[in-house]
Amino acid sequence: MPRISAPRFASARATLCAAALTALLAALPAHAVPLRWAAQNDVLTLDPHSQDHTTTSAILQHAYEGLTRYNEQWEIEPCLATSWTTVSPTQVRFQLRKNVKFHDGSPFTADDVVFSFDRIRQPQGTMQIYVTGIKEIRKIDDHTIDLMLDSPQPILLRNLVDFRIMSKTWSEKNKATQMADYKAKDENYASRHAAGTGPYEITSWQPDQKVSMTINKSWWDRNKGNITEVSYIPIKSDPTRVAALTSGDVDLLTDVPTQDVGALKADAKLKSIDGPETRTIFFAMDLGSDELRGASVKGKNPFKDVRVREALSLAIDREAIRRSIMRGLSVPAALMVAPGVHGYDAALDKPRAPDLARARQLLAEAGYPDGFEVPLNCPNNRYVNDEKICLAVVSMWRKIGITARLTAQPMSQHSQLFQRFEAPLFMLGWGVSTRDALYALQALARTRSGGADGSFNFSKVSDPELDKLIDAAKSEIDTARRDALLRSALTRLRDQVLFIPLHHQVRPWAMRSNLQTLHRSNDRPEARFTTIK
């Protein structure tokens, strides 16, 4: 046996010890890095096909994935699909990612995509817009599908981001193949449980208290941050929400009260990032019923008269709301889409100054010289200063003889009310998740068809000329012609006052100084891009 010199023996022993230590450290559980994130409203459901609601989507994007996704620069990149090829203008072939498992352990295959396509189109949900223009999804083999289109779809890949894939096996096992009817307050297993393919697993949801998530160690991709656990905590009260951040009870606050922005920025323990949100806050009116529910006018609907709608808009002092209520964190709006959305045109987005005399004249010409009474429904825990804005607008409308009887309630109740068509006049905010104006136009303003057209049209807008413009924009692949169609549609929407836009939100996020994350203009933080040092 050859002799080993003492120095060589010591070196070898050191190498072995280092290797053993490395192996030991690798075997130890990773240090938990929890993210505690607070905002003012809760999710509505854990069903990814049910409700087109930003907070719900912000949570569910951690658990459920689409065929495509956005990267840090808002560029489309592969997700559950690895590539796609245009076979013809109305046929696109997608190669699906292999060796992906859902959180329950079931394998991801083409069957899950076909199942999810059939499920998301069920009429009790509001997410059909994300599969608009898709006639059929054909399974070619376990990891190849063809999307058969009604016509060319210029924003197909953007729409598919929020077409979240569910496990067919899990849904069948848990009797959740049919979506529960949210507006009727129905629930099933998928309403309270989740099993996607995404970077985090939702382990529990305690309504109005907390959504808990833990990292999916079997995720097919790699997190760019270091967060291993996420707690989402809805806190309705502004002072309580701010106190939770300043005391260190939460790490991230995405609903920062406007009056506290300055103080939070001055706190050395904190930092903030901000930017425009692709969200417009507006009022919707019942434009279809022959009589307004709960209004003082009987036998007819004042909102069918454009003069009444124009009067309501002219009575609103948007600049005063921006200055006094929003503390400068809003952009007064005339358009129904915000800066950052394809199709937006700053030249069109110039709201008229308030004109009470003209508003009263318009009401008189429409046959309502003394005004009328109407219920107004608003959320009180969803948008920045939502109830305060509604209270201010009630006072502004009173000056022209319109008495709006305000009911403000949590978004979960507010949403169920207007989805049952029981709100003749209501506040809503619309964030453009696809970053393309067609999404807002088709969902909100296209005549309802029971599918993607009018999927969120709960104010019964139905304008044939507008429908023609929207339908043409769906399949126009020439950018210049398509932009002209979007411009014409947005202009008609504005000039016919089919909605009353108030402003585009500017959204600051406040956080502990040791937290780094990307500000997202869709108001959806992503834990996979978040690091706590």
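## Surroundings of Ser521

Leaving aside neighbours within four places in sequence, Ser521 is in contact (heavy atoms within 4.5 Å) with Trp74, Pro276, Glu277, Thr278 and Arg435. The model is a predicted one, in which local features need pLDDT of at least 70 and side-chain atom pairs count only at pLDDT 80 or more, while totals for chains, interfaces and linings use all residues. Residues are numbered from 1 along each chain as its sequence is written, and side-chain values use heavy atoms, with hydrogens and water left out.

Ser521 lies in the loop between strand E18 (515-516) and strand E19 (531-532); helices (H or I, at least four residues) and strands (E, at least two) are DSSP runs, numbered from the N terminus. With a relative accessible area of 10%, Ser521 is buried, where buried means under 20% relative accessible area, exposed over 50%, and partly exposed in between (1.4 Å probe, protein chains only). The side chains of Ser521 and Arg435 are joined by a polar contact of 2.5 Å, that is, a pair of N or O atoms within 3.5 Å, of which, within protein, one must be able to donate a hydrogen and the other to accept it, residues adjacent in sequence counting only if both atoms are side-chain atoms.

## Salt bridges

Across the whole structure, 41 salt bridges are found, each being a side-chain nitrogen of Lys or Arg within 4 Å of a carboxyl oxygen of Asp or Glu. Three of these pairs are set out below.

| Pair | N to O distance | Relative accessible area |
|---|---|---|
| Arg36 and Asp251 | 2.8 Å | Arg36 28%, Asp251 8% |
| Glu277 and Arg279 | 2.6 Å | Glu277 2%, Arg279 2% |
| Lys304 and Asp290 | 3.1 Å | Lys304 42%, Asp290 59% |

The salt bridge between Arg36 and Asp251 links distant parts of the chain, 215 residues apart, with Arg36 in strand E1 (residues 34-39) and Asp251 in the loop between helix H7 (238-246) and strand E11 (252-253). Arg36 is partly exposed, whereas Asp251 is buried.

Glu277, one of the residues in contact with Ser521, counts as buried, and its salt-bridge partner Arg279 likewise counts as buried. A network of salt bridges links Asp255, Glu277, Arg279, Arg507 and Asp523.

In the remaining pair, Lys304 is partly exposed and Asp290 is exposed.
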